Amino acid sequence: MECCRRRATSGTPLLFLAFLLLSSRTARSEEDRDGLWDAWGPWSECSRTCGGGASYSLRRCLSSKSCEGRNIRYRTCSNVDCPPEAGDFRAQQCSAHNDVKHHGQFYEWLPVSNDPDNPCSLKCQAKGTALVVELAPKVLDGTRCYTESLDMCISGLCQIVGCDHQLGSTIKEDNCGVCNGDGSTCRLVRGQYKSQLSATKCKTPRDEQSWDLLTGYAPLA
């Protein structure tokens with residue numbers, strides 16, 4: 001038994017050395033792969049001045065063969081609210097085609113949002129008609145994929161954006177409106193409130209007893 005213990009013990013360093021050798025080779029192969037690329041270049045100007053846009057950085061492959069990995073990376077920028085007079089970014093892109101004839105006629109174009117099939121194409125509707133046209137295959141970088149989401153279109157693809165304004169982030173606001181919160185800063189409120197009747201509507205005895213259910217979240221005192 002003592003002999004067997006010694007053999008097992010003496011084999012342990014060999015296994016450890018094999019593990020170190022394999023780890024070293026893996027690390028070296030990753031260094032060799034990264035060494036085929038030039039350094040990342042500077043970040044480009046943001047695609048928007050407010051409302052959340054996108055910026056990109058490029059790198060060059062130094063190998064005569066193809067390099068593994070991406071030659072472009074993105075990040076969000078200008079993550080500040082736009083003034084009310086700025087208008088909707090997708091609407092601005094549609095209205096830019098107002099002075100361009102479509103089949104020989106001018107139209108005033110309005111945005112078509114929340115397209116489930118292709119949210120990053122520029123589809124616009126001619127005002128006062130049922131005519132919907134794809135005026136561009138891709139909206140500008142930084143355009144929201146959907147009106148009620150922070151996800152943005154970049155190079156024609158919808159990219160996930162968390163409430164922390166980071167690409168690829170799945171962090172969301174809690175019920176209190178706190179980014180990555182745990183819901184502890186507000187409380188659920190349920191109650192009733194009396195319905196407000198318009199001045200032109202005649203009141204009836206039943207209306208006087210009309211109550212609606214109110215449900216919402218309120219900040220903690």
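Modeller: A residue is called buried when its relative accessible area is under 20%, exposed when that area is over 50%, and partly exposed in between. The structure above is a predicted model, and of the 221 residues of its chain, 22% count as buried. The chain exposes about 15,900 Å², of which carbon and sulfur atoms supply 53%.

Colleague: Which residues form the largest nonpolar core?

Modeller: Such a core is a set of buried nonpolar residues joined through side-chain atoms within 4.5 Å. Here the largest one has 12 residues, namely C94, Y107, W109, C120, L122, C124, A126, V133, A136, V139, C145 and C153. Strand 4 and strand 5 each supply at least two residues of this core, and strand 4 gives the most, with 3 residues.

Colleague: In what sense do strand 4 and strand 5 pair, and over how many bridges?

Modeller: In general, the side chains of a regular strand alternate between the two faces of the sheet. In this chain, strand 4 (residues 122-126) and strand 5 (residues 132-136) pair in the antiparallel sense over 4 bridges, and the bridge partner of L122 in strand 5 is A136. Both L122 and A136 are listed in the largest nonpolar core. The hairpin of these two strands has 5 residues between them, and there G128 takes a positive phi near 80°.

Colleague: Which residues other than glycine have a positive phi, and where do they lie?

Modeller: Most residues other than glycine have a negative phi. One exception is H103, whose phi is near 55°; H103 lies in the loop between helix 2 and strand 3 and is exposed, with a relative accessible area of 76%. Another is N114, with a positive phi of about 60°, which is found in the loop between strand 3 and strand 4 and counts as partly exposed at 37% relative accessibility.

Colleague: Is H102 buried or exposed, and what does H102 touch?

Modeller: H102 also lies in the loop between helix 2 and strand 3, but because its relative accessibility is 18%, H102 counts as buried. Not counting residues up to four places away in sequence, H102 touches Y107, W109, L131 and V133; Y107, W109 and V133 are among the residues of the largest nonpolar core.

Colleague: How many salt bridges are there, and which parts of the chain does the pair of R60 and D38 link?

Modeller: The rule asks for a side-chain nitrogen of Lys or Arg within 4 Å of a carboxyl oxygen of Asp or Glu, and by this rule the count comes to 3 salt bridges. In one of them R60 is joined to D38, with the closest N and O atoms 3.4 Å apart. That pair links distant parts of the chain, since R60 is in the loop between strand 1 (53-58) and strand 2 (72-77), whereas D38 is in the loop between helix 1 (2-34) and strand 1, 22 residues apart. R60 is exposed at 53% relative accessible area, and D38 is partly exposed at 32%.

Colleague: What are the closest N and O distances for K127 with E108 and for K123 with D115?

Modeller: For K127 and E108 the closest N and O atoms are 3.8 Å apart; this pair also links distant parts of the chain, K127 being in the loop between strand 4 and strand 5 and E108 in the loop between helix 2 (89-95) and strand 3 (109-111). For K123 and D115 the corresponding distance is 2.8 Å. Here K123 counts as partly exposed, at 26% relative accessibility, while D115 is buried, with a relative accessible area of 13%.

Colleague: Where is the place of L157, and why does L157 count as exposed?

Modeller: L157 belongs to strand 7 (residues 157-159), and L157 counts as exposed because its relative accessible area is 54%. Leaving out residues up to four places away in sequence, L157 touches C120 and M152. L157 and D141 are 16 residues apart in sequence and 9.2 Å apart in space, C-alpha to C-alpha.

Note on methods:
Residues numbered from 1 in each chain as written. Predicted model: local features only at pLDDT ≥ 70, side-chain atom pairs only at ≥ 80, totals over all residues. Heavy atoms only, no water. Pairing = 2+ DSSP bridges. Buried < 20%, exposed > 50% of the residue type's maximum accessible area, 1.4 Å probe, protein only. Areas by Shrake-Rupley, 256 points an atom, 1.4 Å probe, with all protein chains shown as cover. Contact = heavy atoms within 4.5 Å.
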